[in-house]
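User: I've got a new model open. Take me through the packing, please, and keep it brisk.

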Amino acid sequence: GRFQPVKPHGIAKVDYETMKSGGQYMSVLAHEIGHAIEFNVLGKLNDKKLGIFGKSLDDQTVSKLYAELRAITEDISPGGLTNKPEYYGKPEELIARFFEKMFSSPGNIEDLAPTAVKLLEKQRIANPMIDEFIQAAKG
């Protein structure tokens, strides 16, 4: 899949081969929607302050979020952070994998990322797009 940050809302693409691959396309699509949510809520991708989880987060909270998002990434893409840190470690990819996990395999998300889950829940009120995604993920 691929997300293009084009104004006004961006474009999420999933190729035909991925669509044919059974359940995998849902994970890919959720990942790309994660990029779209970041882009639409913040107006940009790759926010190093992780503003999708709240405005003006202190450095300690941001550090905790990075640790949790890395745990999520390692859970769904084992070895990715070690083998390709320049890709898997980018804020936009960590955030997209969080949304992917939330939608496709949320079973242990609160164990891996309790701060991220709690802060994103708070963002539901101010950001209907986040609320809609969380509602869809919960079925």
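**Packing, residue by residue**

Analyst: Start with Lys101, which lies in helix H6. Helices are DSSP runs (H or I, at least four residues), numbered from the N terminus. Bear in mind that this is a predicted model: local features need pLDDT of at least 70, side-chain atom pairs need pLDDT 80 or more, and totals for chains, interfaces and linings use all residues. Residues are numbered from 1 along each chain as its sequence is written, and side-chain values use heavy atoms, without hydrogens or water.

User: Is Lys101 buried or exposed?

Analyst: Lys101 counts as buried, because its relative accessibility is 3%. Buried is under 20% relative accessible area, exposed over 50%, partly exposed in between (1.4 Å probe, protein chains only).

User: What does Lys101 touch?

Analyst: Leaving out residues up to four places away in sequence, Lys101 touches Ile72, Asp75, Ile76, Pro106, Asn108, Ile109 and Leu112. Contact means heavy atoms within 4.5 Å.

User: Now the core. How many residues are in the largest nonpolar core?

Analyst: That core has 28 residues. Leu50, Ile52, Phe53, Phe98, Met102 and Leu120 have the most contacts inside it. Helix H2 (24-42), H3, H6, H8 and H9 each supply at least two of the core residues. A nonpolar core here is a set of buried Ala, Val, Leu, Ile, Met, Phe, Trp, Tyr and Cys joined through side-chain atoms within 4.5 Å. In soluble globular proteins, nonpolar side chains tend to be buried together.

User: Which residues is Phe98 in contact with?

Analyst: Setting aside neighbours within four places in sequence, Phe98 contacts Phe53, Leu69, Ile72, Ile109, Ala113, Ala116, Val117 and Leu120.

User: Several of those sit in H8. Which residues of H8 are buried?

Analyst: H8 spans residues 114-126. Thr115, Ala116, Val117, Leu119, Leu120, Gln123 and Arg124 are buried there. An α-helix has 3.6 residues a turn, so residues three or four places apart point the same way.

User: What do the buried residues of H8 pack against?

Analyst: Four helices: H3 (59-76), H6 (91-104), H7 (109-112) and H9 (128-137).

User: How do H6 and H9 pack, then: what angle?

Analyst: About 40 degrees, with the axes 8 Å apart. Axes are lines fitted to C-alpha atoms, over the stretch in contact for helices, and angles run from 0 to 180 degrees between N-to-C directions. The crossing of H6 and H9 is right-handed, meaning that the near helix is turned clockwise from the far one by less than a right angle. Phe99, Met102 and Phe103 of H6 make the contact with Phe133, Ile134, Ala136 and Ala137 of H9.

User: Switching to aromatics. How many aromatic pairs are there?

Analyst: The structure holds 5. One of them is Tyr87 with Tyr88, edge-to-face at 5.0 Å centre to centre, with 85 degrees between the planes. Rings of Phe, Tyr and Trp (its six-membered ring) pair if their centres lie within 6.5 Å; planes under 30 degrees apart are stacked, over 60 edge-to-face, the rest tilted.

User: And why does Tyr87 count as partly exposed?

Analyst: Because its relative accessibility is 29%. Tyr88 is buried, with a relative accessible area of 18%. Another pair is Phe99 with Phe133: the ring centres are 5.2 Å apart and the planes at 85 degrees, so this pair is edge-to-face too. It links distant parts of the chain, with Phe99 in H6 and Phe133 in H9, 34 residues apart. Both Phe99 and Phe133 are buried.

User: Which residues form the aromatic cluster?

Analyst: Phe53, Phe98, Phe99, Phe103 and Phe133 form one cluster.

User: Back to Tyr87. What sits over its ring?

Analyst: The charged end of Lys84, 5.4 Å from the ring centre. The test is NZ of Lys or CZ of Arg within 6 Å of the ring centre and within 35 degrees of the ring normal.

User: Last topic, backbone. What is phi of Asn46?

Analyst: Near 65 degrees, a positive value in a residue other than glycine. Most residues other than glycine have a negative phi. Asn46 lies in the loop between H2 and H3 and counts as partly exposed, because its relative accessibility is 22%.

User: Where is Ser56?

Analyst: Ser56 is in the loop between H2 and H3. Its phi is also positive, near 55 degrees. Ser56 counts as exposed, at 79% relative accessibility.
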